[in-house]
Amino acid sequence: MVNSVNATSSYGVQSTDSVETKELSEEEKRQKAQEEDDLFNFEEKSTATYNAPITQDTAKSTAKSYIENLKAQYPQLASKLDSYYSNLDYTTLCAEAATTSDVKAYIYNETQSLLN
């Protein structure tokens, strides 16, 4: 247990921080600017890769798989779903879809009238 506390005086203490030490040197400024440029370039590359359109092969395989799942759920609509799949315009599908989830959503919206 502490019986007393001695207060220390800050009288006579001088700060060592000055305007000169707070400012970055020219080399540090260049290095920091380069690091920021590298960060932004990485983000742009990542975004460009992420937003790249899907290929027709990916769209076809995703569509086929999704249609097969729909046929399993709605066997009475198998022939209509097969017809839809055979007439599917992959150019439009790839233009409107950026991910495989978008392909599924596109097909779902297009076949909604069959499912109701």
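The protein has six helices and zero strands. Helices here are DSSP runs of H or I with at least four residues, strands are runs of E with at least two, and both are numbered from the N terminus. Read along the sequence, the pattern is α-α-α-α-α-α. This is a predicted model, in which local features need pLDDT of at least 70, side-chain atom pairs count only at pLDDT 80 or more, and totals for chains, interfaces and linings use all residues. Residues are numbered from 1 along each chain as its sequence is written, and side-chain values use heavy atoms, with hydrogens and water left out.

Start with the whole chain. Of its 116 residues, 18% count as buried. Buried means under 20% relative accessible area, exposed means over 50%, and partly exposed lies in between, with a 1.4 Å probe and protein chains only. Now the contacts, where contact means heavy atoms within 4.5 Å. Among contacts with a separation of 6 or more, 66% join residues 24 or more positions apart.

Next, the core. A nonpolar core is a set of buried Ala, Val, Leu, Ile, Met, Phe, Trp, Tyr and Cys residues joined through side-chain atoms within 4.5 Å. The largest one has 18 residues. Ala59, Leu88, Leu93, Val103 and Ile107 have the most contacts inside it. H3, H4, helix H5 (90-96) and H6 each give two or more residues to this core. H3 gives the most, with five residues. Take Leu93 as a way in. Leaving out residues up to four places away in sequence, Leu93 touches Ala59, Leu88, Val103 and Tyr106. In soluble globular proteins, nonpolar side chains tend to be buried together.

Now the helix pairs. Two packed helices are described by the angle between their axes and the distance between the axes. Axes are lines fitted to C-alpha atoms, for helices over the stretch in contact, and angles run from 0 to 180 degrees between N-to-C directions. Angles under 35 degrees count as roughly parallel, over 145 as roughly antiparallel, 65 to 115 as roughly perpendicular and the rest as oblique.

Helix H3 (residues 56-73) packs on helix H4 (residues 78-86) at about 170°, with the axes 10 Å apart. H3 and H4 are therefore roughly antiparallel. H3 brings Lys60, Ala63, Lys64, Ile67, Leu70 and Lys71 to the contact, and H4 brings Ala78, Leu81, Asp82, Tyr84 and Tyr85. These residues divide into seven nonpolar, no polar and four charged. Ala, Val, Leu, Ile, Met, Phe, Trp, Tyr, Cys and Pro count as nonpolar, Asp, Glu, Lys and Arg as charged, and the others, Gly among them, as polar.

H3 also meets H6. Their axes come within 10 Å and cross at roughly 45°. That makes H3 oblique to H6. The crossing is right-handed. A crossing is right-handed if the near helix is turned clockwise from the far one by less than a right angle, and left-handed if anticlockwise. Thr58, Ala59, Thr62, Ala63, Tyr66, Ile67 and Leu70 of H3 face Thr100, Val103, Lys104, Ile107, Tyr108, Thr111 and Leu115 of H6. Thr62 belongs to helix H3. Thr62 is buried, at a relative accessible area of 10%. Beyond its neighbours within four places in sequence, Thr62 contacts Thr100, Val103 and Lys104.

H4 passes H6 in a right-handed crossing. Lys80, Leu81 and Tyr84 of H4 make the contact with Tyr106, Ile107, Glu110, Thr111 and Leu114 of H6. Five of these residues are nonpolar, one is polar and two are charged.

Two residues close the tour. Leu81 is found in helix H4. At 0% relative accessibility, Leu81 counts as buried. Setting aside residues up to four places away in sequence, Leu81 touches Ile67, Leu70, Lys71, Thr111 and Leu114. Thr111 sits in helix H6 (residues 100-115). Thr111 is also buried, with a relative accessible area of 0%. With residues up to four places away again left out, Thr111 touches Leu70, Leu81 and Tyr84. Leu81 and Thr111 are 30 residues apart in sequence and 7.8 Å apart in space, C-alpha to C-alpha.
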